[in-house]
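Visitor: Hi, could we look at a protein together and talk through what we see?
Guide: Gladly, so let us bring it up.

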Amino acid sequence: MINNSDIATPSYWQKISQWSKANLFNSWFNSILTVISIWLLYQLVGGIWTWATTIAQWSVVSSNFRLFLVGLYPVEEFWRLWSILAIAGSLSGISWGLWGRFSRFVAIAIGSLSVALAILLPVDSISKFLILGITGAIAVGFVAGQKCKIFNQSSLILSIAWISSLPISLWLVGGRWGLTAVDVNVWNGLVLTLLVAIAGIVFSFPLGVLLALGRQSTLPIIKLFCIFYIELVRGLPLIGILFMAQVMLPLFLPAGLEIDRVLRAIAAFVFFSAAYLAENVRGGLQSIPKGQAEAARALGLSIPLTIILIVLPQALKASIPAIVGQFIGLFKDTSLVAIVGLVDLMGVSRTVLSQPEFIGRYAEVYLFVALIYWVFCFSLSQASQKLEKSLHT
């Protein structure tokens with residue numbers, strides 16, 4: 001960290017001058033490129049700033065903010081969504097406390113971001129208070145992750161808690177079994193995007209691992225089936241699989257059994273993503289020396305235990321960048337559900353742009369939607385980098 005006193009000393013500016021001369025102005029050609037680049041950057045940033053502050057009509061976002069986030073979800077049932085955020089915030093804080101380490105910069109950034117969201121977002125005062133409450137849940141979870149002996153002794157409990165949070169969240173969103181049922185047709189906006197993405201990630205991961213192991217199997221039937229499935233799905237476009245799930249899947253179901261459109265879309269993403277995950281995991285499996293499996297069998301471990309305890313953990317560790325990249329791609333591909341009639345973020349965008357007072361406001365709407373996608377994808381990327389550092393990959 002650089003102190004203010006260090007900045008004021010001539011040696012600091014001398015270092016900047018030396019670096020600039022060595023990297024930006026070390027020749028006449030590089031000097032011209034540097035000046036041109038600075039001028040282009042100034043024009044670009046200045047043009048964007050002028051457009052964002054004087055020309056853009058951000059009322060299209062503020063007036064439809066709730067529509068972007070929750071669509072037509074009933075207002076009286078918003079407590080369910082806040083409960084899900086509280087659960088996710090608490091578990092995130094516990095994970096941060098257990099697997100991460102305290103960083104004053106990160107803590108200040110999270111606190112500042114929460115205060116800024118509570119002030120700037122066009123929501124009611126109760127929602128502003130709840131946003132700050134979610135930050136408090138993250139802080140309490142962090143303390144619990146560091147101090148609670150239950151989590152310190154075994155991270156298996158935390159893993160079970162994360163897995164259990166998915167069906168609990170689905171129960172809260174959809175209702176039934178003690179709660180008022182909410183029709184899936186009103187699961188719109190960011191809620192639907194997150195639901196499809198999280199369910200696709202959670203269910204495609206074990207299926208992809210099984211397909212990768214099956215492709216490495218010595219049993220001909222299993223190996224041929226896995227190869228056929230992987231190569232068939234990877235040869236088809238995702239939009240085609242989505243249309244097949246929406247149109248053809250009901251034809252193979254028994255009479256009287258119907259699956260709603262959201263579950264059909266999730267099934268399409270699971271089957272599509274699992275094929276690509278299988279190849280990512282297979283690359284990790286091939287990077288493990290065969291001598292480790294032979295040594296494990298020499299010690300008396302069975303083949304399943306050798307795979308579960310020796311081979312698979314190392315393969316998954318080596319495949320983290322590719323797996324997370326696949327998850328990021330899956331999250332962005334959820335925008336395709338708008339083509340099959342589901343109203344996710346992109347579907348809401350088309351609805352907003354059809355309003356008479358906001359016709360032609362494409363830039364504002366799509367920039368806001370792009371920002372939401374970027375925040376989640378960037379968070380996944382940063383989390384994977386932290387995981388790689390903690391595992392020393």
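Visitor: Let's start with H15 and H16: is their crossing left-handed or right-handed?
Guide: The crossing of H15 and H16 is right-handed, and please keep in mind throughout that we are looking at a predicted model.

Visitor: What angle do H15 and H16 pack at, and how far apart are their axes?
Guide: Helix H15, which covers residues 290–298, packs against helix H16, residues 303–318, at an angle of about 145°, and their axes are 10 Å apart.

Visitor: Which residues meet there?
Guide: From H15 the residues are Gln-292, Ala-293, Ala-296 and Arg-297, and they meet Ile-303, Thr-306, Ile-310, Val-311 and Gln-314 in H16. Sorted by class, this contact of H15 with H16 has 5 nonpolar, 3 polar and 1 charged residues.

Visitor: And how does H14 pack with H16?
Guide: Helix H14, residues 261–286, packs with H16 at an angle of about 115°, with the two axes 8 Å apart, and the crossing of H14 and H16 is right-handed. On the H14 side the contact is made by Val-281, Gly-284 and Leu-285, while H16 brings Val-311, Leu-312, Ala-315 and Leu-316.

Visitor: What classes do those residues fall into?
Guide: In the contact of H14 with H16 there are 6 nonpolar residues and 1 polar residue, with no charged ones.

Visitor: Zooming out, how many helices and strands does the chain have?
Guide: The protein chain has 19 helices and 0 strands, and its C-alpha trace spans about 70 × 60 × 50 Å along the principal axes.

Visitor: How much of it is buried?
Guide: Of the 393 residues in the protein chain, 34% count as buried. The chain exposes about 23,600 Å², and carbon and sulfur atoms supply 71% of that area.

Visitor: What about contacts between residues that are apart in sequence?
Guide: If we take the contacts between residues at least 6 apart in sequence, 72% of them join residues at least 24 apart.

Visitor: New topic: how many aromatic pairs are there?
Guide: Searching the whole structure gives 9 aromatic pairs. One of them is Trp-51 with Trp-58, whose ring centres are 5.7 Å apart and whose planes are at 75°.

Visitor: Why is that pair edge-to-face?
Guide: Planes over 60 degrees apart count as edge-to-face, and the planes of Trp-51 and Trp-58 are at 75°, so the pair falls into that class.

Visitor: Are those two buried or partly exposed?
Guide: Trp-51 counts as partly exposed at 23% relative accessibility, and Trp-58 is partly exposed too, with a relative accessible area of 37%.

Visitor: Which class does the pair of Trp-374 and Phe-378 belong to?
Guide: That pair is stacked, because the planes of the Trp-374 and Phe-378 rings are at 15°, with the centres 4.9 Å apart. Both residues sit in helix H19, residues 362–391, and being 4 residues apart there, they are separated by about one helical turn. Phe-378 is partly exposed, with a relative accessible area of 38%.

Visitor: Which residues form an aromatic cluster?
Guide: Phe-65, Phe-68 and Phe-368 form one aromatic cluster.

Visitor: Last one: where is Ser-17 found?
Guide: Ser-17 is found in helix H2, residues 10–23, and at 32% relative accessibility it counts as partly exposed.

Visitor: And how far is Ser-17 from Gly-174?
Guide: Ser-17 and Gly-174 are 157 residues apart in sequence, and from C-alpha to C-alpha they are 61 Å apart in space.

Conventions
Residues are numbered from 1 along each chain as its sequence is written. This is a predicted model: local features need pLDDT of at least 70, side-chain atom pairs count only at pLDDT 80 or more; totals for chains, interfaces and linings use all residues. Side-chain values use heavy atoms; hydrogens and water are left out. Axes are lines fitted to C-alpha atoms, for helices over the stretch in contact, and angles run from 0 to 180 degrees between N-to-C directions. Helices (H or I, at least four residues) and strands (E, at least two) are DSSP runs, numbered from the N terminus. A crossing is left-handed if the near helix is turned anticlockwise from the far one by less than a right angle, and right-handed if clockwise. Contact means heavy atoms within 4.5 Å. Ala, Val, Leu, Ile, Met, Phe, Trp, Tyr, Cys and Pro count as nonpolar, Asp, Glu, Lys and Arg as charged, and the others, Gly among them, as polar. Buried means under 20% relative accessible area, exposed over 50%, partly exposed in between (1.4 Å probe, protein chains only). Accessible areas come from the Shrake-Rupley method with a 1.4 Å probe; for residues, only the protein chains shown count as cover. Rings of Phe, Tyr and Trp (its six-membered ring) pair if their centres lie within 6.5 Å; planes under 30 degrees apart count as stacked, over 60 as edge-to-face and the rest as tilted.
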